[in-house]
Amino acid sequence: MGVQTGRPSEPITIAVVGCGQRGNAYARYTLREPAKCRIVAIAEPRSKTRALFASQYGVDSSLSFHKASAETIQTVGKRLADAVLIAVQDHMHAELVGAFAAQGYDILCEKPMATSIEHCLQIEAAVKKADIIFGMGHVLRYSPYTRAITDVVRSGQLGQLVNAQHIEPVGHWHFAHSYVRGSWSKEAESSFSLMTKSCHDIDILCHWLSPDTPVHVSSFGGLQHFRKSSKPAEAGDATRCLDCTYEAQCPYSAKKVYLDRVASGQVGWPASPLVDGIPDIENITNALQNGPYGKCVYESDNDVCDHQVVNIQYASGATVSFTMIAYTTLICQRQTRLHFTHGEVTGDMNTFTVTDFRTGQKTVHRPPSEGGGHGGGDLGLMRTFVEAVRTRQQELLGTDVTDVLKSHLAVFAAEHSRKTRTVVDCVEFENAARSGS
Ligand SMILES: NC(=O)c1ccc[n+]([C@@H]2O[C@H](COP(=O)([O-])OP(=O)(O)OC[C@H]3O[C@@H](n4cnc5c(N)ncnc54)[C@H](O)[C@@H]3O)[C@@H](O)[C@H]2O)c1
């Protein structure tokens with residue numbers, strides 16, 4: 001068990017590791033609820049980003065570190081805070097969770113848990129051994145919208161949930177940003193796109209179906225468009241958008257995605273990850289001339305799927321079908337249909353409609369969102385995590401490390417199915433994973 005945080009009336013102290021997009025998304029909660037939590041230490045290698053974050057959240061320079069690794073955490077040798085937010089890239093999660101857990105920090109780790117089954121199992125073991133509070137960045141679970149749907153599912157008012165259809169429309173330029181040019185474009189450097197983009201979609205589907213468990217999974221998908229063979233002839237030999245005569249017609253133009261936005265004053269995401277500090281015309285132009293975000297989407301070294309379908313059968317016989325697709329105008333506004341024996345729920349992440357077949361009555365629900373990313377899920381997760389740490393109640397999070405591992409195993413099983421063109425038996429898959437075979 002981690003060191004007690006003392007009286008719940010005192011704010012818990014938090015260290016943030018990785019002060020990029022996600023570190024900021026969670027940290028914002030501390031400014032809304034200073035009586036409950038405060039950030040006391042950070043680690044971030046980008047100096048301007050680190051300085052900006054430190055000044056925004058009032059972190060002392062003596063506790064602003066250049067970077068975190070198992071070695072540096074060991075060197076510090078003592079707890080600097082009650083809890084840590086791990087918001088660095090996917091391949092670093094396992095090492096950092098292991099090192100922080102060993103020192104008794106409660107941990108909120110960004111999704112995905114890790115990039116290999118072996119590392120996910122290591123995280124499960126480290127968290128169990130340390131007996132700490134553990135939260136996972138499955139933010140979809142914690143938005144008011146999802147919580148309201150979960151209440152309908154759990155109430156049983158529409159009978160048994162027999163089938164779910166769920167689409168993750170990534171958004172065409174968003175996909176190009178993150179999965180063609182950005183941090184999640186190469187499987188070897190992060191993971192496959194079903195894992196990096198959609199592990200929380202598979203998680204929410206498993207959550208709605210639980211305590212039912214997945215027994216079979218199949219999946220198909222591939223990289224259809226973002227490759228050299230799809231390059232428009234008019235783009236010729238250009239390898240960067242700023243040198244391309246076809247750029248004005250191209251929906252994936254880096255000039256449109258970044259420069260035009262910054263020129264109109266939009267200096268947050270998607271431009272912010274391109275530079276250290278605040279984006280301006282000069283530094284973004286430089287990034288587009290020299291870095292990966294200025295490359296032609298048909299000339300990048302991406303290899304992850306731009307579309308994937310997953311079918312899951314549950315022990316009760318219930319079924320789920322999921323689609324992750326790059327080519328949409330919607331950006332991550334999941335479209336969901338839940339089919340019950342006595343009614344249905346259809347939702348779009350803002351509103352959902354409940355239809356009862358017995359009465360024919362349709363009720364439209366618009367759960368109020370308090371803002372922030374993922375329909376309020378980012379704030380909802382942070383609020384729940386902080387409360388779990390303050391009161392030492394893992395159950396407030398509605399999940400634990402083994403549950404988190406199980407939904408990740410469903411994602412690994414789906415990818416195994418896609419690669420081997422087989423239907424995967426989920427129980428055998430988990431047994432094999434746990435026995436290391
Ligand atoms: N829950 C979600 O919906 C969601 C959405 C997007 C990303 N993510 C996940 O969140 C994590 C972070 O993604 P992001 O978009 O914030 O990336 P990011 O690149 O914006 O931020 C990561 C930060 O970590 C810093 N960093 C690198 N090495 C470090 C080290 N050794 N110690 C401390 N900091 C270090 C980088 O400089 C960067 O600022 C990833 O695992 C990603 O997959 C989750």
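How many strands form the open sheet, and in what order? There are 6, in the order 3-2-1-4-5-6, with parallel pairing. Strands pair if DSSP finds at least two bridges between them. Strands (E, at least two residues) and helices (H or I, at least four residues) are DSSP runs, numbered from the N terminus.

This is a predicted model: local features need pLDDT of at least 70, side-chain atom pairs count only at pLDDT 80 or more, and totals for chains, interfaces and linings use all residues. Residues are numbered from 1 along each chain as its sequence is written.

**Stop 1: the open sheet**

Next, select strand 1 and strand 4, which run parallel and are joined by 4 bridges. Show V17 and its bridge partner in strand 4, I86.

**Stop 2: helix 4**

Select residues 93-102. Of the 10 residues of this helix, 8 are buried, so helix 4 is largely enclosed by the rest of the structure. Buried means that 20 or more other C-beta atoms lie within 10 Å of a residue's own; exposed means 12 or fewer, and partly exposed falls in between, with C-beta atoms placed from the backbone. The buried residues of helix 4 are H93, A94, E95, L96, V97, A99, F100 and A101. They pack against strand 1 (12-17), helix 3 (70-76), strand 4 (83-86), strand 5 (106-109) and helix 5 (117-130). Helix 4 lies across strand 1, strand 4 and strand 5, and runs at about 165° to strand 5. That angle is taken between N-to-C directions, from 0 to 180 degrees, with axes as lines fitted to C-alpha atoms, for helices over the stretch in contact. Just after helix 4, select G104, which takes a positive phi of about 85°.

**Stop 3: the domains and the ligand**

Colour the chain by domain: domain 1 (12-137), domain 2 (141-226 + 303-435) and domain 3 (228-294). These bounds come from an automatic or database domain assignment. Now show the ligand. Domain 1 and domain 2 both give residues to the shell around the ligand, so it lies between them. Of the 27 residues around the ligand, G18, G20, Q21, R22 and E110 come nearest; a residue is near if its C-beta atom, placed from the backbone, lies within 6 Å. Helix 1 (residues 21-32) supplies the largest share of the shell, 3 residues. By class, the shell has 9 nonpolar, 11 polar and 7 charged residues. Ala, Val, Leu, Ile, Met, Phe, Trp, Tyr, Cys and Pro count as nonpolar, Asp, Glu, Lys and Arg as charged, and the others, Gly among them, as polar.

Then turn to domain 2 and domain 3, whose centres, taken over C-alpha atoms, are 31 Å apart. Here 7 residues of domain 2 are in contact with 7 residues of domain 3, contact being C-beta atoms, placed from the backbone, within 7 Å.

**Stop 4: two hairpins**

Select strand 12 (residues 343-347) and strand 13 (residues 352-356), which pair in the antiparallel sense over 5 bridges. E344 has T355 as its bridge partner in strand 13. This hairpin has 4 residues between the strands, and M349 takes a positive phi near 80°. Strand 13 also joins strand 14, antiparallel, through 4 bridges, with T355 opposite K362. The hairpin of strand 13 and strand 14 has 5 residues between them, and G360 in the turn has a positive phi of about 75°.

**Stop 5: P368**

Finish at P368, in the loop between strand 14 (362-365) and helix 11 (377-391). Is P368 buried or exposed? It has 9 C-beta neighbours inside 10 Å, so P368 counts as exposed.

Technical notes. Two residues are in contact if their C-beta atoms, placed from the backbone, lie within 7 Å.
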